[in-house]
Amino acid sequence: MDIEKLKQYKDEYIKKLESDRKSSLTIKSYSYHIDNMIESIKNNYSDDFDVKIVILDYIDNLNVEYKTTTINIIRSAVRGFITFMKSRDYIKEDFGGNITLLREDITPKEVLKPSEIESIFNTLISELKEAEGYKIYHKARNLALFSFLLYTGIRRGEVVKIRWKDIDFINNVISVTGKGNKTRVIPLLPDLKQQLYSYRDIIEQMNNAGYNVKSEYLFRSEKINRKTNKKDKPMTGKNVEVIIKEICAASGIKKNITPHNIRHTFASYAIKNKMNLPSLSDILGHANLSTTLNIYAHEISMEEKKRE
């Protein structure tokens, strides 16, 4: 077989999955992984190859850093592709039986349930209503911070860098500076937009009352900058970690929730709501789609099983 035929068969296989009304998650995931396999075969073998030998060799040499769930998704994709090729008489043997799935020992990611999210919001809103003086700012900040993490899925080190000028309330987008100082644009969801309007109004009112809480950063540090003698620096990632733990404790959440768990919560609900995987990968700031597929392989696999 040659590489062009293999690409043609792959395209036909994906059309077959679409006609069988497989979930969009399954189709995108299978297409991505089979494309990777074909690219590897192209780079490592001559133009005329034994399809059984090269595919089994590819499976045997999958990246050892892949999680078990990711390997099983790849193996399932390839097994289905092999069965499809045999059904169309493109190959003589359905050798997919030689590709077995690994036993999975899955530790689910700790995420917040809808009831827990509701409990946290109820606590934050209640605390804000009861706050007085300077504490109003702190409670408003906590509500805005939790909302920002939940509705964007950004990292703790990214949220502290957000400035008011990074938020485009007209076009409903946020500019986020991520790893390697790379900037990406993510959606400003309506619920978060409303929270930020309220937060901004409270800051304005408190500033007018003489509390001097304004900052270019959404979430500023309470420490005074020795050079300027002002509180004009952003809070640290560690500050965010402490605040989130305090919020969860006050809300009666027994789980060990960190900002990263809130990021997982965002991604898990996005997958359940059928968000386009490349879009999710872009929002999360992953270097490539394979990172998203690997980290959330279990969640993707579970959603695929529900829809098949």
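Author: Helices (H or I, at least four residues) and strands (E, at least two) are DSSP runs, numbered from the N terminus. The expected span of a helix is 1.5 Å times one less than its number of residues. This is a predicted model, where local features need pLDDT of at least 70, side-chain atom pairs count only at pLDDT 80 or more, and totals for chains, interfaces and linings use all residues. Residues are numbered from 1 along each chain as its sequence is written, and side-chain values use heavy atoms, with hydrogens and water left out.
Reader: ok, how many residues has helix α5?
Author: Helix α5 (residues 114-130) has 17, and from first C-alpha to last it reaches 24 Å, close to the 24 Å expected at 1.5 Å a residue.
Reader: which residues of α5 are buried?
Author: E116, I117, I120, F121, T123, L124 and L128. Buried means under 20% relative accessible area, exposed over 50%, and partly exposed in between (1.4 Å probe, protein chains only). Seen down the axis of α5, the buried residues fall within an arc of 160 degrees (taken from the directions from the helix axis to the C-beta atoms), so they line one face of the helix.
Reader: and what's on the face turned away?
Author: The exposed residues P114, K129 and E130.
Reader: new topic. is S221 buried or exposed?
Author: S221 is buried, at a relative accessible area of 10%. S221 sits in the loop between α8 (190-208) and α9 (237-250).
Reader: what does S221 touch?
Author: Not counting residues up to four places away in sequence, K231, K233, P234 and M235; contact means heavy atoms within 4.5 Å.
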